[in-house]
Amino acid sequence: MKLTGAQIFVESLIKEKVEIMFGIPGGVLLPTFDVLYGAPIKFILTRHEQGAAHMADGYARATGKVGVCIATSGPGATNLTTGLATANMDSVPVVAFTGQVATHLVGNDAFQEADTTGVTRSITKYNYLVKDVREIASTIKEAFHIARTGRPGPVLIDFPVDVQRASCEFVYHKYHKEVEIRSYKPKYKGHPQQIKKAIDLIKQSERAVIYAGGGVIISGAAGELREMAKTTQIPVTLTLMGMGAFPQDSELFLGMLGMHGTYFANHAIQNSDLIIAIGARFDDRITARLDAFAPKAKIIHIDIDPTSISKNVKVDVPIVGDAKNVMREMNKLLNKLGSKNMEKRKKWQKQISQWKKENPLTYKKDGKLRPQYVVEKIYEVTKGKAIIATEVGQNQMWAQQFYKYNYPRHFITSGGLGTMGYGFPAAIGAKLGKPEKVVFDIAGDGSFQMNIQEMATAVNNKVGVKIAILNNGYLGMVRQWQQLFYKKRYSATDLTANPDFVKIAEAYGALGIRVSEKGEVEGALRKAISVDGPVILDFLVEREENVFPMVPAGARLDEVIRGLA
Amino acid sequence: MRHTISVLVENKPGVLARISSLFSARGFNIDSLAVGETEQHDVSRMTIIVKGDEKILEQVMKQLNKLIDIIKVIDFVGQPHLERDLVLIKVNAGKGKRSEVLEIVDIFRAKIVDVASNSVIVEMTGDEEKILALVNMLKPYGIKEIVRTGIVAMGRG
């Protein structure tokens with residue numbers, strides 16, 4: 001059967017089981033949007049392409065499926081880029097489509113033309129410019145394969161308008177053949193010899209720590225991680241991206257490590273004799289001063305991406321493979337070690353509980369409305385079962401510290417790129433993927449305004465996300481650094497000219513609730529959850545509250561500022 | 001340290017940009033780059049000469065391997081291999097000096113491929129060292145232009 005490029009595009013998406021896509025049309029996408037009209041794919045019209053990219057990303061993180069977004073050529077494509085870079089840094093499977101000017105105009109500075117594949121080359125896992133209608137189906141198939149396999153990431157397909165209009169034969173059954181790319185063969189199984197070496201190191205260790213990241217969540221290995229910790233009695237610290245990979249009420253849980261990690265996680269790392277890194281990449285927010293990181297520790301590093309291994313920290317036993325596969329193999333061997341291997345870690349556990357007792361994660365509990373209290377209340381009211389998206393900055397750190405994440409894919413945050421404006425659209429994407437879930441965006445007043453226009457998208461599609469603005473009238477994290485390291489010179493961080501967020505909610509046709517007293521928090525949260533549509537909760541919190549503990553930039557991981565005197 | 005890196009890649013648009021940006025993003029200067037088709041028309045080989053910090057280079061090699069269009073990466077350091085570069089040198093060779101230039105060309109087993117009234121173009125193939133030697137010998141006569149293809153390398157045996 002002969003189909004146009006646009007029809008092949010839509011048929012291919014249906015074959016990939018795409019249920020929903022996010023985006024905005026434009027001149028060069030008209031043929032495609034004409035086919036999408038009436039197609040069995042839910043289309044969410046966003047108000048900015050950045051919103052579309054983050055929604056696809058949030059949908060992917062919450063569901064584990066590939067998120068799909070689409071934007072027109074030129075400005076549509078460049079508006080997508082922040083979303084693509086965000087997904088790229090956090091290994092999120094997204095397939096983005098961009099319209100392109102007709103092939104004979106490409107490179108001519110045509111109206112709404114940008115070199116999209118050139119611009120996005122370094123912020124995608126891979127990208128394509130499709131110049132022949134006969135290549136559309138195979139390109140889409142490949143793109144989904146690349147996006148979801150190995151270390152996942154965003155893939156972009158640039159799609160000229162004349163290719164959408166051209167037609168060729170499309171045979172459905174052919175679409176299902178396996179993708180075979182000779183130069184792309186991710187390694188899923190760990191090398192048995194390396195695994196054996198790792199087990200030997202674990203056997204010899206007395207003060208081991210497991211340091212696990214987003215890779216554990218991506219590979220669905222939370223169960224394997226729990227088993228490994230249980231059979232070895234080795235404590236576990238998680239990265240921001242790893243939140244939810246390990247139950248937080250466990251005795252063995254250390255909380256997050258790094259710049260705003262717990263005192264005890266950072267001290268455990270610095271004093272350990274073995275670090276078992278799983279699906280994490282030793283970035284600068286984790287290691288603090290690199291040359292003083294974990295000086296006594298040997299390091300085992302399990303990662304599917306060989307370029308993550310020995311990039312920042314020299315690794316003793318590298319294991320390239322999928323976290324789930326490798327841990328399953330390791331657990332088989334660890335199970336045989338028996339209780340003697342657990343016994344010798346008693347002393348180390350005692351030391352850690354001592355640190356925990358002396359330096360718990362806490363904040364000043366008085367009559368004032370503090371942001372940490374709001375986050376704790378969200379945890380209580382949702383019984384820890386909500387999906388929490390965050391913006392970036394103080395709100396993000398408090399959301400991590402004071403909500404307990406016990407399930408994978410329940411904490412959605414821009415860890416690598418640190419994209420302000422991410423949380424709200426990501427929450428919309430997550431809620432559309434998991435409609436049965438309560439979904440919160442824990443936001444700052446600064447971040448929320450970076451994609452506030454998506455209120456229209458949320459209202460229009462009845463997406464009941466709850467936006468909890470921890471409103472301190474500042475770009476809070478930058479202000480905190482200015483307070484601590486720049487003599488309180490609050491240069492360009494004051495946001496007191498903020499709009500009235502309750503009125504903003506109302507103007508969009510949503511509910512807005514302002515909370516300025518501690519006693520009103522719980523009631524407001526319950527009210528917000530009971531409402532079907534989106535709700536903005538404007539919490540007027542203590543303006544100069546800081547995120548502690550904190551390891552200043554350039555300091556050693558255990559040089560922790562615990563609070564201000 | 002100088003590295004001769006040979007990369008087998010898919011012969012399609014954008015591949016060179018992906019590779020060169022890996023180097024430039026880490027502040028590496030590519031000293032020499034040669035690209036050509038292999039025995040398979042859909043596979044090209046790039047030979048890249050770089051110098052730089054070993055640790056960063058190890059990372060670049062891994063990143064190269066990770067690129068989806070790259071089929072194979074070989075670093076020839078410490079491996080028996082041949083390197084060849086082709087150079088064209090336009091050198092002054094007026095009446096009085098022409099025979100001297102010809103003599104040097106002869107000794108290097110190079111070739112004269114073009115003659116004009118005041119200059120000749122010399123063609124030679126060789127490794128880095130031999131080319132430098134020839135260039136040094138011809139310098140006193142006045143070199144007007146040098147064009148090189150870039151180094152290509154092949155493992156022995």
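Helix H2 of chain B gives the most to the lining of the largest pocket, with five residues. Helices here are DSSP runs of H or I with at least four residues, strands are runs of E with at least two, and both are numbered from the N terminus. Before going on, two remarks on conventions. This is a predicted model, in which local features need pLDDT of at least 70, side-chain atom pairs count only at pLDDT 80 or more, and totals for chains, interfaces and linings use all residues. Residues are numbered from 1 along each chain as its sequence is written, chains are lettered from A and ligands numbered from 1 in the order in which they are written, and side-chain values use heavy atoms, with hydrogens and water left out.

Back to the pocket. The search runs on a 1 Å grid over the protein atoms alone: a pocket is an open set of points with protein on both sides within 12 Å along at least five of seven lines, a cavity is a set where a 1.4 Å probe fits but cannot get out, and lining residues have an atom within 4 Å of a point. Points are joined across faces, edges and corners, and a volume is the space filled by probe spheres set on the points. The largest pocket has a volume of about 1500 Å³. Its lining takes in 46 residues, and those nearest the centre are Arg151(A), Asp305(A), Thr307(A), Gln63(B) and Lys66(B). Two or more lining residues come from each of helix H4 (75-89) and strand S14 (317-320) of chain A, and from each of helix H1 (15-25), helix H2 (54-66) and strand S4 (70-75) of chain B. By class, the lining has 19 nonpolar, 13 polar and 14 charged residues. Nonpolar covers Ala, Val, Leu, Ile, Met, Phe, Trp, Tyr, Cys and Pro; charged covers Asp, Glu, Lys and Arg; the others, Gly among them, are polar.

How many cavities of 30 Å³ or more does a search of the whole structure find? One. The largest cavity holds about 30 Å³ of space. Its lining consists of Gly74(A), Ala77(A), Thr78(A), Thr81(A), Ala114(A), Thr116(A), Val119(A) and Thr120(A). H4 and helix H5 (116-120) of chain A are the elements that give two or more residues to this lining. Three of the lining residues are nonpolar, five are polar and none is charged.

Next, some single residues. Ser91(A) sits in the loop between H4 and strand S5 (94-100) of chain A. Is Ser91(A) buried or exposed? Ser91(A) counts as buried because its relative accessibility is 10%; buried means under 20% relative accessible area, exposed over 50%, and partly exposed in between, with a 1.4 Å probe and protein chains only. Apart from neighbours within four places in sequence, Ser91(A) is in contact, meaning heavy atoms within 4.5 Å, with Arg151(A), Pro152(A), Gly153(A) and Ile218(A).

Gly393(A) is in the loop between strand S15 (387-390) and helix H18 (394-402) of chain A. Gly393(A) is also buried, at a relative accessible area of 12%. Its C-alpha atom is 9.0 Å from that of Ala443(A), 50 residues apart along the chain.

Now the backbone. Arg109(B) is not a glycine, yet its phi is positive, near 55°. The residue lies in the loop between helix H3 (98-107) and strand S6 (111-115) of chain B, and Arg109(B) is exposed, at 76% relative accessible area. Lys488(A) likewise has a positive phi, about 60°, without being a glycine. A cis peptide bond, with omega about 0°, joins Phe548(A) and Pro549(A).

Last, the domains, whose bounds come from an automatic or database domain assignment. Chain A has domain 1 (2-175), domain 2 (192-358) and domain 3 (371-540). In chain A, the C-alpha centres of domain 1 and domain 3 are 29 Å apart, and 25 residues of domain 1 touch 27 residues of domain 3. The area buried between them is about 2000 Å², with 64% from carbon and sulfur atoms. Buried area is the accessible area, for a 1.4 Å probe, that two parts lose on being put together, summed over both.

Chain B has domain 1 (2-75) and domain 2 (82-155). These two bury about 510 Å² between them, 48% of it on carbon and sulfur atoms. Arg2(B), Ala34(B) and Thr47(B) supply 54% of the area that domain 1 of chain B buries against domain 2 of chain B, more than any other three residues.
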